[in-house]
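This briefing concerns one protein chain, shown below with its sequence. Please consult the structure while reading the points that follow.

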Amino acid sequence: MIYKASVLINIFFKTLFLYFFFRFNSFKTIIEKISNHETKKGTIKISPLRRVAFIRLILKYFLLSKNCFHKAFISTIILRDSGINAQFVIGVSLDSSFKSHAWVENNVSPILESFELKKFKVIQKI
């Protein structure tokens, strides 16, 4: 129980740090950070789904952000720090209007995605 609480506190503060990192850096710097951030070795005691759900709660209710790039960027970094193989994915809409979306995948499976991802063409996968 104490371990899980410490993991959640760690995720909370990492989310805050990464949110402000995202807000005050260029897109190029953000992509470089994800590209250079390797998956660390570690034991997985809390599932990737629960970690991402907690990150989204923090972003939505504490930082008031619904931005998919925030969610995907922060989730990817935190999952990799936890020893979970995560990919940051950016896609553009296949219909006539320009839309983009970012999400995180674990072993080619999207984590907690409500969008129909078949409507997006992947343009970047890190």
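The accessible surface of the protein chain comes to about 7800 Å², and 60% of that area belongs to carbon and sulfur atoms; areas come from the Shrake-Rupley method with a 1.4 Å probe, and for residues only the protein chains shown count as cover. The model is predicted: local features need pLDDT of at least 70, side-chain atom pairs count only at pLDDT 80 or more, and totals for chains, interfaces and linings use all residues. Residues are numbered from 1 along each chain as its sequence is written, and side-chain values use heavy atoms, with hydrogens and water left out.

**Overall fold**

- The protein chain has four helices and four strands, taken as DSSP runs numbered from the N terminus (helices: H or I, at least four residues; strands: E, at least two).
- Along the sequence these elements follow the pattern α-α-α-α-β-β-β-β.
- The C-alpha trace spans about 50 × 30 × 25 Å along its principal axes.
- The radius of gyration of the protein chain is 14 Å, which agrees with the value near 14 Å for a compact globule of 126 residues; this radius is taken over C-alpha atoms, and the globule rule is 2.2 Å times the number of residues to the power 0.38.

**Burial and contacts**

- Buried residues make up 43% of the 126 residues (buried: under 20% relative accessible area; exposed: over 50%; partly exposed: in between; 1.4 Å probe, protein chains only).
- Of the contacts between residues at least 6 apart in sequence, 63% join residues at least 24 apart, a contact being heavy atoms within 4.5 Å.

**Largest pocket**

- The largest pocket has a volume of about 210 Å³; a pocket is an open set of points on a 1 Å grid over the protein atoms alone, where a 1.4 Å probe fits, with protein on both sides within 12 Å along at least five of seven lines.
- Its lining comprises 13 residues (those with an atom within 4 Å of a point), and V7, N10, R51, D81 and S82 lie nearest the pocket centre.
- The elements giving two or more residues to this lining are α1 (2-23) and α4 (68-81), and α1 gives the most, with six residues.

**Positive phi values**

- L64, in the loop between α3 (48-62) and α4, has a phi near 55 degrees, a positive value in a residue other than glycine; L64 is exposed, with a relative accessible area of 70%.
- N107, in the loop between β2 (100-106) and β3 (109-110), has a phi near 55 degrees, likewise positive in a residue other than glycine; N107 counts as exposed at 54% relative accessibility.

Note on methods. Points joined across faces, edges and corners; volume = space filled by probe spheres on them.
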